[in-house]
Amino acid sequence: MRIFSGIQPTGDKHLGNWSGGFRQYAATQDRGDDAFFCIVDLHSITVEYDPEELREQTLDLAAMLFATGLDPERSTVFIQSHVPAHTEAAWLLGSATSFGELRRMTQFKDKAERQEFISAGLFTYPVLQAADILLYQTDAVPVGEDQRQHIELARDVAERFNARHGETFTLPAMIAPEVGGRIMDLQEPERKMSTTGGTPQGTVRMLDEPEVVRKKFKSAVTDSGSEVLRADDKPGITNLIEIMGVATGEPLEGIESRYDGAGYGAFKTDVGEAVVELLAPIQARYHELRSDPRELQRLLARGAEKAREASDPTLQAMLDAMGFVRSEFGRNFGAARPREL
Ligand code: AQP
């Protein structure tokens, strides 16, 4: 099965990213999937950002992806801007995406509210995301729940393109984890955990020191009552039960019965401890990998080469289907290799 998923390099990565993203990526390797994981640096420039930070955070994220279990022998990890087909295909797909569809994207509305300058890129971002996915003839996209609307848009765009120009793209399906697909902010459990959209105290960063993690869980907002049970009117404790579940692999019912009558205080301490234990080996691997940027760059260059090879046939098929006169080099876009004349 062909898998693709993209992750933004800006903003510190957090427990939500691990639960909805990284954890699922590593699982694709155990299933023997043919997986591509893309550091989507081009998406990161759609909101205000610092160029020097982008450069550093791109390598930070590469180290984090390998530290959370991606094996360069089994998965292709690469940087989006190293594969020009992504931006080229995005322009082409813009013709099959409507203004109305983009205007309905809730992530655009949420992020636009937080920006003083709303870039055109923030609005067209889902077209680039559709290109990312469709170029690889992707069967499944492992993501968190927040990406559902974008994946549906990618499917709609693919269907429209196929109907207009003939079968070109595989229609991708979304895979979200049954548990932990939407980890909520520890301080404001009605909104998702996020480095840009959440609270600093309610966002557990992958690189937080153990003491910081413990403190964040101790001060997590809980609900009225004292039962450790999932319920609609208990968003805080429900979120903590899910976090305990993904951190330890224990079924949620088991957690509820184990903490029956224990009270919120003891439970919060234990969830904090479980997360500290989860993060410790990841942090150790991360620091080791991050200390060797040349090796990271080497692995990413290898990934980009594989990604260019895998995406180019789709880009060329798009160009042919859309009626472009091919250049004498055989490629209007993509790697400029001379055509065999
Ligand atoms: N709170 C979350 N719970 C579960 N999954 C989540 N993801 C993000 N937040 C949660 C998933 O993480 C993967 C990588 O996401 P990303 O880093 O590319 O960007 P994002 O979705 O925009 O995450 P952030 O940190 O919340 O970014 P900002 O701050 O920009 O809003 C994706 O699979 C995502 O679903």
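Helix H3 (residues 51-67) has 17 residues, which should span 24 Å at 1.5 Å a residue; its end C-alpha atoms are 24 Å apart, so the two values agree. The expected span is 1.5 Å times one less than the number of residues. Helices are DSSP runs (H or I, at least four residues), numbered from the N terminus. The model is predicted: local features need pLDDT of at least 70, side-chain atom pairs count only at pLDDT 80 or more, and totals for chains, interfaces and linings use all residues. Residues are numbered from 1 along each chain as its sequence is written, and side-chain values use heavy atoms, with hydrogens and water left out.

Aspartate 50 caps the N-terminal end of H3. Its side-chain oxygen lies 3.1 Å from the backbone nitrogen of glutamate 52. Buried residues of H3 include Leu54, Leu61, Leu65 and Phe66. Buried means under 20% relative accessible area, exposed over 50%, and partly exposed in between (1.4 Å probe, protein chains only). Just after H3, glycine 69 takes a positive phi of about 125°.

The ligand has 21 residues around it; Lys13, His14, Asp146, Ile183 and Thr196 come nearest. A residue counts as near if one of its heavy atoms lies within 4 Å. A polar side-chain atom of lysine 13 lies 2.5 Å from a ligand oxygen. A polar backbone atom of glycine 144 is 2.8 Å from an oxygen atom of the ligand. A backbone N or O atom of methionine 193 lies 3.0 Å from a ligand nitrogen. The protein covers 95% of the 640 Å² of accessible area that the ligand has on its own (Shrake-Rupley method, 1.4 Å probe). Helix H1 (residues 15-30) gives the largest share of the shell, three residues.

Valine 275 is found in helix H12 (residues 264-290). Valine 275 is buried, with a relative accessible area of 0%. Leaving aside residues up to four places away in sequence, valine 275 touches Leu15, Val204, Val213, Phe217, Ile243 and Ala247. Contact here means heavy atoms within 4.5 Å.

Aspartate 320 lies in helix H13 (residues 293-322). At 48% relative accessibility, aspartate 320 counts as partly exposed. Its side chain makes a polar contact with the side chain of arginine 326 (2.6 Å). A polar contact is a pair of N or O atoms within 3.5 Å; within protein, one must be able to donate a hydrogen and the other to accept it, and residues adjacent in sequence count only if both atoms are side-chain atoms.

Technical notes
Helix = DSSP H or I, 4+ residues; strand = E, 2+ residues; numbered from the N terminus.
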